[in-house]
Amino acid sequence: MPRVFNFSAGPGTLPEEVLLQAADEMLDWHGTGLSVMEMSHRGKEFISIAEEAEADLRKLLGIPAGYHVLFLQGGASLQFEMIPMNLIQGRAIADYIHTGEWAKKAINAAKSLADVNVAASAEDRAFTYVPAQSEWQLTERAAYLHYTANETINGVEFGWVPDVGDVPLVSDMSSNLLSRPLDVERFGLIYAGAQKNIGPAGLALVIVREDLIGLGEPTPPAMLDYATHAKTRSMYNTPPTYAVYVAGLVFKWLLETGGLAAAEQRNIAKAALLYDFIDSSDFYVNPVEKADRSRMNVPFRLASPDLEADFLAGAAKHDLVELKGHRSVGGVRASLYNAMPIEGVQALVDYMAEFATTKG
Ligand SMILES: *Cc1c(COP(=O)(O)O)cnc(C)c1O
């Protein structure tokens with residue numbers, strides 16, 4: 001069967017070139033007679049794979065020398081807990097911006113470990129916008145400010161980077177890291193589960209400024225302490241070796257296709273194609289404030305919600321899969337990660353037009 005267009009929010013679509021290369025190297029990586037899956041994580045072969053992945057990520061994002069790159073496990077969800085454990089000293093307060101489902105999870109996790117101030121919330125309008133920074137109720141000398149750069153479920157994305165002075169800026173970029181260039185220097189810590197826009201599930205990336213390591217009071221247990229993983233270059237225990245390898249192939253694919261500036265141009269074009277179609281139609285609706293719409297995840301409803309099951313079944317027949325909205329919100333959602341080609345978005349728009357004509 002030919003490959004389908006996979007609009008899953010995560011684990012998401014990966015570049016076909018990357019999958020083909022991984023397949024080609026599956027049984028024999030670079031003449032070793034071993035699959036990467038079978039290699040010792042302490043052997044020179046895997047160490048070269050991990051070091052190259054880190055070097056390529058640093059090149060892509062322009063990560064300065066004063067930042068550590070950690071390859072961890074436990075998903076973005078473990079970071080919801082590791083961040084307060086590692087960044088809060090004593091009774092300091094952490095500020096959070098509440099923009100939707102993932103922000104809520106981060107807030108609830110932090111609340112069990114620290115004093116949390118929700119500095120702004122978009123709950124008043126059903127999480128369809130990013131609250132303006134001028135309205136945030138920030139804590140003076142907060143331990144950090146946390147925001148969710150892209151809300152994967154409700155399709156709301158920060159198109160700008162908050163300015164909170166000397167307070168360390170912490171961001172969950174699980175679903176939009178590598179979708180556009182980023183000024184890493186403005187952040188204290190960036191984290192992402194890999195399975196949205198980076199690589200296979202099982203890997204979480206943490207990019208953390210040196211001075212934020214070793215602050216946590218009380219000192220976190222070793223596995224939950226950034227200091228442990230920074231000191232051992234993510235080799236304290238066995239890292240998710242195969243996921244690191246595939247993420248490394250994705251980094252190379254991005255470098256070879258023009259880097260993040262080129263990826264951003266492709267992502268702008270794909271998102272515009274779908275949003276423009278939705279806005280031109282009476283049959284489909286996206287409720288998000290235009291300036292805050294996500295380029296990565298586009299949720300939408302049909303004029304008659306009872307046609308949604310029909311819509312999804314018909315889409316699958318057109319090889320357009322994984323379009324069902326998150327179970328918490330329903331509806332339809334198309335995720336347009338880096339590896340989704342514009343041809344996939346065009347095929348989706350063509351199908352949507354046809355469906356609206358026949359059923360609308
Ligand atoms: C998927 C997602 C998470 C959770 O990731 P896990 O790796 O499953 O823990 C957190 N934040 C955002 C923005 C996400 O999209």
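Okay, let's start with the inside: Thr13, Leu14, Pro15, Lys196, Asn197, Ile198, Val250, Trp253, Tyr337, Asn338 and Ala339 line the largest cavity. By cavity I mean a set of points on a 1 Å grid over the protein atoms alone where a 1.4 Å probe fits but cannot get out, and lining residues have an atom within 4 Å of a point.

Before I go on, this is a predicted model: local features need pLDDT of at least 70, side-chain atom pairs count only at pLDDT 80 or more, and totals for chains, interfaces and linings use all residues. Residues are numbered from 1 along each chain as its sequence is written, and side-chain values use heavy atoms, with hydrogens and water left out.

Back to the cavity. Its volume is about 50 Å³, where volume is the space filled by probe spheres set on the points, and grid points are joined across faces, edges and corners. Searching the whole structure turns up one cavity of 30 Å³ or more. What classes of residue make up the lining of the largest cavity? Seven are nonpolar, three polar and one charged; here Ala, Val, Leu, Ile, Met, Phe, Trp, Tyr, Cys and Pro count as nonpolar, Asp, Glu, Lys and Arg as charged, and the others, Gly among them, as polar.

Now the domains. We have domain 1 (5-16 + 258-359) and domain 2 (32-256), with bounds from an automatic or database domain assignment. The contact between them takes 32 residues from domain 1 and 32 residues from domain 2, contact being heavy atoms within 4.5 Å. Taken over C-alpha atoms, the domain centres are 26 Å apart. And the lining of the largest cavity draws at least three residues from each domain.

Next, arginine 293, in the loop between β11 (284-285) and β12 (297-302). Is arginine 293 buried or exposed? Buried, because its relative accessibility is 12%, and the cut-off for buried is under 20% (1.4 Å probe, protein chains only). Its side chain makes a polar contact with the side chain of aspartate 279, at 2.9 Å. Leaving out residues up to four places away in sequence, arginine 293 also touches others, including Gly155, Glu157 and Tyr275.

Last one: serine 281, in the loop between α7 (259-280) and β11. Serine 281 counts as buried too, at 16% relative accessibility. A polar atom of its side chain lies 3.1 Å from the backbone nitrogen of tyrosine 284.

Terms used: Helix = DSSP H or I, 4+ residues; strand = E, 2+ residues; numbered from the N terminus. Buried < 20%, exposed > 50% of the residue type's maximum accessible area, 1.4 Å probe, protein only. Polar contact = N/O pair within 3.5 Å; in protein donor to acceptor, adjacent residues only side chain to side chain. 1 Å grid on protein atoms, 1.4 Å probe; cavity = no way out; pocket = protein on both sides within 12 Å on 5 of 7 lines; lining within 4 Å.
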